[in-house]
Structure formats: C-alpha cells, structure tokens
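The following paragraphs are intended to be read alongside the displayed sequence and model. Please keep both in view.

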Amino acid sequence: EGGEIKLLTPLQDLSKVEIMRMARQLGVPVSATLSCYDPQAETNGSARVEPCGQCDACRLRVQAEAKLPTWELRQLDGVEEIVDLRHHYLRQGQPRDSAHYPDIDDLDTTAHLAVFVDDALAGCATMHSDISPSGRCQLRIRGMAVEEGFRGQGLGAALVRWCQQRALSSGDGIWCNARIRAVSMYARCGFEIVSDEFEIEKIGRHYRMEWKDGE
C-alpha cells in the first residue's frame, strides 16, 4: 500500500548454538519447535509433524544441542535436598533454618522442583497456594535459586515454565516476590509487576509480580 517494508532478521548472524542458548534464556519451549526444511507428517493422522532428521537444519540443530549443557527437571519428595542452595543464595548471613519455610515446605500440597545439570543440583523452586496481592488464592513461586556457575543458561526460565504448566492444568495464576535481579527473567516468562518496589528486611529489594492464567 505504498508503505515501507522492513525485513527483521535478528537471528541471521547467530550460530545454532547461540540461538539455542538464547531460546533457553527466554524460556522458549524448545521441545515444541522444529528446525527442518522438510518436516514429516505423523502417520496417525494428527496435525503434528516431525523433523526429517536428514536436512542441514536438522543436523545443525542436533550438533548445537550436543554442545549445550543438558539438564533434567525433577519434582522432589521433600525440601531437604534444596535447603543448602536456598540458604547460600537467598539467606546469606542468616541461620540455615531460615531457608526452611515450615509453614509451606512440609505441606503435602507444596511442590518442590529442582533442575540438575549432569546430575549436579543447579537450581530449585517451590510452588504452593497462597493469597495473591489481588486477594485471590493462587499459586506462588518461592525459594527460587540458581547456582552462580549455571546462570544465563535458561535454568530459571525452565523452572518458571514448569510452574506455569502446573498452573494451567489447575486454572490458576501465579505470583511471586521477585528480587530485583530476577525481574527481567520473570518478565520474559510473561509476568507483570503489580507493586511498587519494596524492601524485605535482611533479604533485599523486591517487586510483586503476577502471571495470569497464561494471558
């Protein structure tokens, strides 16, 4: 219609490894994506397609994934395995017991999640029901921590995405008190700031953030 056309190619100069690393940092559900020139329809008549595994795009993607650390998300039976990680990053200078939240940690309805890299604990998060800033009973993320050596690899986003999938299955939203350094990660996962900045004594500056039923 006479307007200027712009072609945006933000990934053009990135390698497949750099693209995969960025996807992890942004919390993209990589397992639901394809990199294929000739995807094949499933034989059972569904609308899904599978990568051919033979083209350059498929081979480059497999090579890129092999160069990145692999991780595994596990739901834990209890909190003890992640208390030291919480204490080191979330309660520095305080007693170890301050990183155990008995009012929520020991409830059967509380879920403790951990992410392992090469079977080593690299991050954790806890989710439980609580009253949100808007006065609704919603799910809350608490006690999230990622080992310093594993930051920037998308582990925090992977933990948040797991919580979001759980919330979708129950029809709930999610809220959290986000530390200043974690605000951008939550924002990339669709959370919005719903409060002014506030200070939690002995812990630091925070914002309350909400994610509303996948909106």
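Helices (H or I, at least four residues) and strands (E, at least two) are DSSP runs, numbered from the N terminus. The model is predicted, so local features need pLDDT of at least 70 and side-chain atom pairs count only at pLDDT 80 or more, while totals for chains, interfaces and linings use all residues. Residues are numbered from 1 along each chain as its sequence is written, and side-chain values use heavy atoms, with hydrogens and water left out.

Asp118 lies in the loop between β4 and β5 (120-131). Although Asp118 is not a glycine, its phi is positive, at about 50°. Asp118 counts as exposed because its relative accessibility is 67%; exposed means over 50% relative accessible area, buried under 20%, and partly exposed in between (1.4 Å probe, protein chains only).

Lys202, in the loop between β9 (198-200) and β10 (204-211), is also a residue other than glycine with a positive phi, near 70°. Lys202 is exposed, because its relative accessible area is 65%.

Thr110 occupies the loop between α4 (102-105) and β4 (111-117). Thr110 counts as buried because its relative accessibility is 9%. Leaving aside residues up to four places away in sequence, Thr110 touches Ile104, Asp105, Thr126, Met127 and His128, where contact means heavy atoms within 4.5 Å.

Helix α5 (residues 155-170) comprises 16 residues and spans 23 Å from its first C-alpha to its last, close to the 22 Å expected at 1.5 Å a residue; the expected span is 1.5 Å times one less than the number of residues. Among the buried residues of α5 are Leu155, Val160 and Cys163. Gly171, with a positive phi near 75°, follows α5.
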